[in-house]
Amino acid sequence: MNAQPLVGLIMGSRSDWSTLEHAATTLDALGIAHEVRVVSAHRTPDLLFEYAGSAEARGLEVIIAGAGGAAHLPGMVSSKTVLPVLGVPVQSAALNGMDSLLSIVQMPGGIPVGTLAIGKAGAINAALLAAAILGGKYPEIRAALRAFRERQTDSVLADPDPRVT
Ligand code: RP5
């Protein structure tokens with residue numbers, strides 16, 4: 001695996017890890033080097049600016065940012081970098097993640113965040129989308145993504161009867 005992290009996987013709180021760990025697991029499965037950090041838009045705003053502002057120079061090529069509630073992290077990161085930013089809405093306790101989703105998806109024109117589904121599915125798909133982006137430059141990542149998809153298809157086709165466990 002390339003030692004230089006290509007993906008920055010960040011989240012607003014340690015409490016988001018149970019969701020974002022699914023992104024990390026998927027990146028691992030694809031052999032994509034990544035770093036993991038807690039960076040809070042509200043509790044550590046200076047760190048957010050420093051992280052996003054230096055990400056490209058440090059060699060990151062995609063940022064996955066997960067947050068819940070008033071989820072400003074992905075949008076604020078995107079405002080400070082031209083790297084692709086993928087936002088994962090964490091399923092909040094109070095509003096079931098609808099707050100997170102709407103906070104992340106409703107960006108003003110000019111500052112994009114690629115917003116994924118709420119929760120685990122969004123975390124997994126953020127990693128797969130990062131692989132799809134990186135695959136244009138790294139053939140081994142494109143091949144790993146293709147193999148992942150083929151294994152997924154094969155496992156569904158191998159178990160067609162839902163009554164059999
Ligand atoms: C957000 O507030 C985080 O992304 C997290 O989803 C939410 C709650 O954080 P904690 O109070 O659990 O640290 O900033």
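**View 1. The shell around the ligand holds 3 nonpolar, 7 polar and 1 charged residues.** Here Ala, Val, Leu, Ile, Met, Phe, Trp, Tyr, Cys and Pro count as nonpolar, Asp, Glu, Lys and Arg as charged, and the others, Gly among them, as polar. The surrounding residues are Met 11, Gly 12, Ser 13, Ser 15, Asp 16, Ser 40, His 42, Ala 67, Gly 68, Gly 69 and Val 90. The model is predicted: local features need pLDDT of at least 70, side-chain atom pairs count only at pLDDT 80 or more, and totals for chains, interfaces and linings use all residues. Numbering starts from 1 along each chain as its sequence is written.

**View 2. An open sheet is formed by 5 strands with parallel pairing.** The strand order is S2-S1-S3-S4-S5. Strand S2 (34-38) and strand S5 (114-115) are the edges, each pairing on one side only. Strands (E, at least two residues) and helices (H or I, at least four) are DSSP runs numbered from the N terminus, and two strands pair if DSSP finds at least two bridges between them.

**View 3. Strands S3 (residues 62-67) and S4 (residues 85-89) run parallel, joined by 5 bridges.** Ile 63 stands opposite Val 85 in S4.

**View 4. Helix H1 (residues 17-29) packs on the sheet.** The helix touches strand S1 (7-11), S2, S3 and S4; contact means C-beta atoms, placed from the backbone, within 7 Å. The direction of H1 makes about 170° with that of S1, where axes are lines fitted to C-alpha atoms, for helices over the stretch in contact, and angles run from 0 to 180 degrees between N-to-C directions.

**View 5. S1 and S2 run parallel and are joined by 5 bridges.** Leu 9 has Val 36 in S2 as its bridge partner.

Technical notes
Near = placed C-beta within 6 Å. Contact = placed C-beta atoms within 7 Å.
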